[in-house]
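The following exercises concern a single protein chain.

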Amino acid sequence: FLLDYLSQELAPGERSNFERHLAICPSCVAYLATYEQAVLLGREALRQELATDPPKLDSELVRAVLHSRTRI
């Protein structure tokens with residue numbers, strides 16, 4: 001629900017109801033802010049992970065895996 005809200009994907013009626021609630025509930029405003037921050041941090045971590053080269057595989061491990069595949 002919160003991700004749909006932040007992504008502007010809620011139906012207009014649901015969005016209006018939720019925003020009316022946010023107008024009177026500071027606890028939900030605070031929770032929404034921390035939720036949004038968590039989503040942004042998660043996206044940034046994924047972006048950084050995808051931008052780095054994967055670790056080099058040990059050639060002995062690769063040979064062992066390939067050898068086991070031929071035996072199956």
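**Exercise 1: Surroundings of R15**

Leaving aside the neighbours of R15 within four places in sequence, the residues in contact with R15 are Y5, Q8 and L10. The model is a predicted one.

Task. Determine in which helix R15 lies, and whether R15 counts as buried or exposed.

Solution. Step 1: locate the residue. R15 belongs to helix α2, which spans residues 12–24. Step 2: apply the cut-off. Buried means under 20% relative accessible area. The relative accessibility of R15 is 17%, so R15 counts as buried.

**Exercise 2: Aromatic pairs**

Task. State how many aromatic pairs the structure holds, and classify the pair formed by the rings of F1 and F18.

Solution. Step 1: count. There are 2 aromatic pairs in the structure. Step 2: examine the geometry of F1 and F18. Their ring centres are 5.0 Å apart and their planes stand at 90 degrees, so this pair is edge-to-face. F1 is in the segment before α1 (2–6) and F18 is in helix α2, 17 residues apart, so that the pair links distant parts of the chain.

Step 1: turn to the pair of Y5 and F18. This aromatic pair is also edge-to-face, with 4.8 Å from centre to centre and 80 degrees between the planes.

Step 2: F1, Y5 and F18 form one aromatic cluster. Within it, Y5 and F18 are both buried; F18 has a relative accessibility of 12%.

**Exercise 3: Position of A45**

Task. Identify the helix that holds A45, and find how far A45 and I24 are apart in space.

Solution. Step 1: A45 is part of helix α3, residues 26–51. Step 2: A45 and I24 are 21 residues apart in sequence, and their C-alpha to C-alpha distance is 33 Å. Step 3: with a relative accessibility of 43%, A45 counts as partly exposed.

**Exercise 4: A nonpolar surface patch**

Task. Which residues form a nonpolar patch on the surface, and where is L57 placed?

Solution. Step 1: the patch is formed by L57, L61, V62, V65 and L66, which together have about 450 Å² of accessible area. Step 2: L57 is found in the loop between α3 and α4 (59–71). Step 3: L57 has 65% relative accessibility and therefore counts as exposed, the cut-off for exposed being over 50%.

Key:
Residues are numbered from 1 along each chain as its sequence is written. This is a predicted model: local features need pLDDT of at least 70, side-chain atom pairs count only at pLDDT 80 or more; totals for chains, interfaces and linings use all residues. Side-chain values use heavy atoms; hydrogens and water are left out. Helices (H or I, at least four residues) and strands (E, at least two) are DSSP runs, numbered from the N terminus. Buried means under 20% relative accessible area, exposed over 50%, partly exposed in between (1.4 Å probe, protein chains only). Contact means heavy atoms within 4.5 Å. Patches are made of residues with over 30% relative accessible area and no salt bridge: like charges are joined within 9 Å, nonpolar side chains (Val, Leu, Ile, Met, Phe, Trp, Tyr) within 5 Å. Accessible areas come from the Shrake-Rupley method with a 1.4 Å probe; for residues, only the protein chains shown count as cover. A salt bridge is a side-chain nitrogen of Lys or Arg within 4 Å of a carboxyl oxygen of Asp or Glu. Rings of Phe, Tyr and Trp (its six-membered ring) pair if their centres lie within 6.5 Å; planes under 30 degrees apart count as stacked, over 60 as edge-to-face and the rest as tilted.
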